[in-house]
Amino acid sequence: MNQLEYLRRAVEAGKLSHAYLFTGNDGELQEEAALFLLRHLLCEGREKPCSSCRQCRIVSSRTHPDVSWVVLQEGAKEISIEQVRELRHTLSFTPYEAPLKTAVIPQAHLMNEEAQAALLKTFEEPRGRTLLLLLSTSPGSLLAPLRSRTQEVPFWKFPRVLSESKEAETELRSLSAALYVDRFRFAKEHEARAAELVRSWLVATRSRMLQELTRQGMSSRLQYLRKLAGLLQEMERQLGRSGVNARLILERVLLEL
Ligand SMILES: [Zn+2]
């Protein structure tokens, strides 16, 4: 289950925590996840999030009156205590149109210590229903008591999935031109996706073979593709077994390119 699915289920079960900390190496992905969660929570459509109802639209355009965004002000290096005080003030009001007041703080690690301490107070005072989303690529800079009061959800961005045969083909071609040291690095970095890669390479190689066949009959290129497809098929089979070393399998393919 991925993180969005996890959040979706929490919304649907009415079991959302009142504070989340989205971590990982990609700030944009964290913001997308925050928008997804808020749309899902506030959507008035049948299929949530519908992305087209008024609630979804004003969440996405960041103009929802009950969603506060605390962002770094122009020219500033830190998110200030004044900004957090203002947020606390805003959160103390009854929501205008949503069932709860929410706040998103991208780059939460840019809050200075005073600001973080002020935010911590929101956890200590009695309040109505609120949802706080802290986003940070550097959560180690957050005060421990603040971190411990949030539920952490990691968002890591992985390389693009090679689902399209054309993309896989381009990938194969550039790998076949790469130095062995770079191919080994690729194998090391992508071993977790070995099965997916081998599968997409096999699909790409087969489609390339068909094109070669219709074009010029037997050729050395076709023989190469046939051999490669055979190897990929064998590696795909091996990857299906348990306890195999995916990295070695990727390396074996990359050496044959
Ligand atoms: Zn909607």
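Visitor: What share of the contacts in the protein with a separation of 6 or more comes from residues 24 or more positions apart?

Guide: In this predicted model, residues 24 or more positions apart account for 73% of the contacts in the protein that have a separation of 6 or more. Two residues count as being in contact if their C-beta atoms lie within 7 Å.

Visitor: Why is Ile105 called buried?

Guide: A residue is called buried if 20 or more other C-beta atoms lie within 10 Å of its own; Ile105 has 26 of them within 10 Å, and is therefore buried. Ile105 belongs to strand β3, and, residues up to four places away in sequence not being counted, it touches Val70, Leu134 and Leu135. Ile105 and Ala34 are 71 residues apart in sequence, yet their C-alpha atoms are 9.8 Å apart in space. Of the 257 residues of the protein, 28% count as buried.

Visitor: What makes a set of residues a nonpolar core?

Guide: The residues must be buried, must be of kinds such as Ala, Leu and Phe, and must be joined through C-beta atoms within 7 Å. The largest such core has 35 residues, and among those with the most contacts inside it are Phe22, Ala34, Leu38 and Leu133. Several elements, including β1 (19-23), α2 (27-42), β3 (101-105) and β4 (130-135), each supply at least two residues of this core, and α2 gives the most, with seven residues. Leu133 is in contact with Tyr20, Phe22, Ala34, Ala103 and Val104, its neighbours within four places in sequence being left aside.

Visitor: Which residues does the second, separate core include?

Guide: The second core has 16 residues, among them Leu172, Leu197, Val198 and Met235. In soluble globular proteins, nonpolar side chains tend to be buried together.

Technical notes: Residues numbered from 1 in each chain as written. Predicted model: local features only at pLDDT ≥ 70, side-chain atom pairs only at ≥ 80, totals over all residues. Buried ≥ 20, exposed ≤ 12 C-beta atoms within 10 Å, placed from the backbone. Helix = DSSP H or I, 4+ residues; strand = E, 2+ residues; numbered from the N terminus.
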